[in-house]
Amino acid sequence: MSGNSCSTGSCGMNQNPEQIARQRQVESTLGGIKHKIVVLSGKGGVGKSTVAASIATKLAVEGYRVGILDVDIHGPSVPRIFGVKDRRPGMTDEEKMIPVPMTDNLKLMSVGFLLPHDKEALIWRGPLKIGLIEQFFSDVDWGELDYLVVDCPPGTGDEPLSILQMVPDARGIIVTTPQGMAVEDVQKSITFCKKMNLELLGIVENMSTFQCPHCGRPIEIFPGKGGEEMAKDAGIPLLAKLPLNHKLMEASDNGKLMQAFKEMSAFDPIVNVLSELKDKQPVKKEVGTTAAGAKAASGRKKDDRIQTIAMPVDESGMLDAHFGHASGFAFFTVDTRKKVIVEARTLTPPAHEPGVIPKWIADQGAHVLLTGGMGESARKILVNKGVDVVIGVAPDNAARVAQDYLNNSLNIAGNQCNH
Ligand code: ADP
């Protein structure tokens, strides 16, 4: 495939069909999940994985259907926490990974399941890591869940960034300790989340105090106000202050976290906040390279597997470069998983008036429009109506173009007409 060379430069980010296809697959995979909660931290070792795993356990104990996805490729510790390091995910007929079931309503998937050795991830290069993360978001069969708790890699680098891009309707929880350094790192995380438009539910201050086993008095381990002060400064709720709990540490380090759920009463305020989300739909935002946010905004229903590809065609069934003046529009119903065209039809568009044809295309249920060229205002109307737009597609037989799109081998030649 040749590069994207839109001559207007205005269609920019909507044009990469591979990214569109990948995002579609992620949307499809996560489509049965009501709430996605990403647990982040500025640095490692603050208890992010323990907190993520404990939240998931508590929610499951409350009766919710919960998944925990551990994509902390620098140190995937969730299998260790749950004592399932030697388990491996199953595979569906459609080659999606089946998470490891912990109970009837708690499932677990971790990058750790795919790494032969604990230290393997450390030597992976950036693009490989991102590829693995993407696979984890697109190729896991979660089914229906109330909550997916994501244990995110620490920091504000490419990995958390690509996670937040892939899950635009996620909400975040930041974990920190009151220690000065951790606080500074977390401040960066807050800025990062704000830039990514992530809805932050709040901060969890972990290892806040230590309860003296002799006198029962709480002892401040780290000086300073830590999470409390930071939450106030950032205008974000402090969800909980979790004490350093020796029993929890032992359980977490020895694969017995689920048996220690009685030690998790300090997590109650977090679980309460999450329970209150039950019927609230998160705000999806438009991120990255697709019109995912616009789709949500338009409220248009779509079957993620069966999609409709539209394109302007001439009388001989060739893709027509002139979007606004094409004599017909081909609509291909396609199965995106099997990568086949299920049905094809050609319709005559309404008379060419500004904005009329884009609206008509959206009304036909198109998910994506492939075209040689088009003007910016038409493109905007389509994107706002939740239709992905690929501009600059080289002229060819329309059915072949649709098939190329399904195979991620679309030939992009640049915007050939912007009227
Ligand atoms: P991270 O995911 O941030 O790298 P982990 O969750 O792996 O951190 O926790 C690091 C260590 O701290 C683990 O040994 C874990 O058992 C321990 N730990 C985390 N939170 C607590 C807590 N509240 N009380 C006691 N130990 C904790």
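Helix H13 is followed by asparagine 408, whose phi is positive, near 60°; helices (H or I, at least four residues) and strands (E, at least two) are DSSP runs, numbered from the N terminus. This is a predicted model, in which local features need pLDDT of at least 70 and side-chain atom pairs count only at pLDDT 80 or more, while totals for chains, interfaces and linings use all residues. Residues are numbered from 1 along each chain as its sequence is written, and side-chain values use heavy atoms, with hydrogens and water left out.

**Helix H13 and the residue after it**

- Asparagine 408 is found in the segment after H13, and asparagine 408 is partly exposed, with a relative accessible area of 29%; here buried means under 20% relative accessible area, exposed means over 50%, and partly exposed means in between, with a 1.4 Å probe and protein chains only.
- In helix H13, which runs over residues 398-406, the buried residues include Ala398, Val401, Ala402, Tyr405 and Leu406.
- An α-helix has 3.6 residues a turn, so residues three or four places apart point the same way.
- At the start of H13, a side-chain oxygen of asparagine 397 reaches to within 3.0 Å of the backbone nitrogen of alanine 399.

**Two further asparagines**

- Most residues other than glycine have a negative phi, and most peptide bonds are trans.
- Asparagine 197 is not a glycine, yet asparagine 197 has a positive phi of about 60°.
- The loop between helix H6 (180-195) and strand E9 (199-205) holds asparagine 197, which is exposed, with a relative accessible area of 53%.
- Asparagine 384 belongs to helix H12 (residues 376-384), and asparagine 384 is exposed, with a relative accessible area of 54%.
- From C-alpha to C-alpha, asparagine 384 and lysine 359 are 10.0 Å apart in space, and they are 25 residues apart in sequence.

**Aromatic pairs**

- The structure holds 4 aromatic pairs, where rings of Phe, Tyr and Trp (its six-membered ring) pair if their centres lie within 6.5 Å, and planes under 30 degrees apart count as stacked, over 60 as edge-to-face and the rest as tilted.
- The rings of phenylalanine 329 and tryptophan 360 form an edge-to-face pair, because their centres are 5.7 Å apart and their planes are at 75°.
- This pair links distant parts of the chain, 31 residues apart, with phenylalanine 329 in strand E14 (residues 328-335) and tryptophan 360 in helix H11 (residues 356-363).
- Phenylalanine 329 is buried, with a relative accessible area of 0%, and tryptophan 360 also counts as buried, at 14% relative accessibility.
- The rings of phenylalanine 331 and tryptophan 360 have their centres 5.6 Å apart and their planes at 80°, so this pair too is edge-to-face.
- Here again distant parts of the chain are linked, since phenylalanine 331 is in strand E14 and tryptophan 360 is in helix H11, 29 residues apart.
- Phenylalanine 331 is buried, as is tryptophan 360, and one aromatic cluster is formed by Phe323, Phe329, Phe331 and Trp360.

**Surroundings of the ligand**

- Of the 17 residues around the ligand, Gly45, Lys48, Ser49, Thr50 and Asp253 come nearest, and a residue is near a molecule or strand if one of its heavy atoms lies within 4 Å of it.
- The shell around the ligand divides into 5 nonpolar, 9 polar and 3 charged residues; Ala, Val, Leu, Ile, Met, Phe, Trp, Tyr, Cys and Pro count as nonpolar, Asp, Glu, Lys and Arg as charged, and the others, Gly among them, as polar.
- Helix H2 (48-61) and helix H8 (246-253) each supply at least two residues of this shell.
- A polar side-chain atom of asparagine 206 lies 2.9 Å from a nitrogen atom of the ligand, and a polar backbone atom of valine 46 is 3.1 Å from an oxygen atom of the ligand.
- The protein covers 85% of the 560 Å² of accessible area that the ligand has on its own.

Note on methods
Polar contact = N/O pair within 3.5 Å; in protein donor to acceptor, adjacent residues only side chain to side chain. Areas by Shrake-Rupley, 256 points an atom, 1.4 Å probe, with all protein chains shown as cover.
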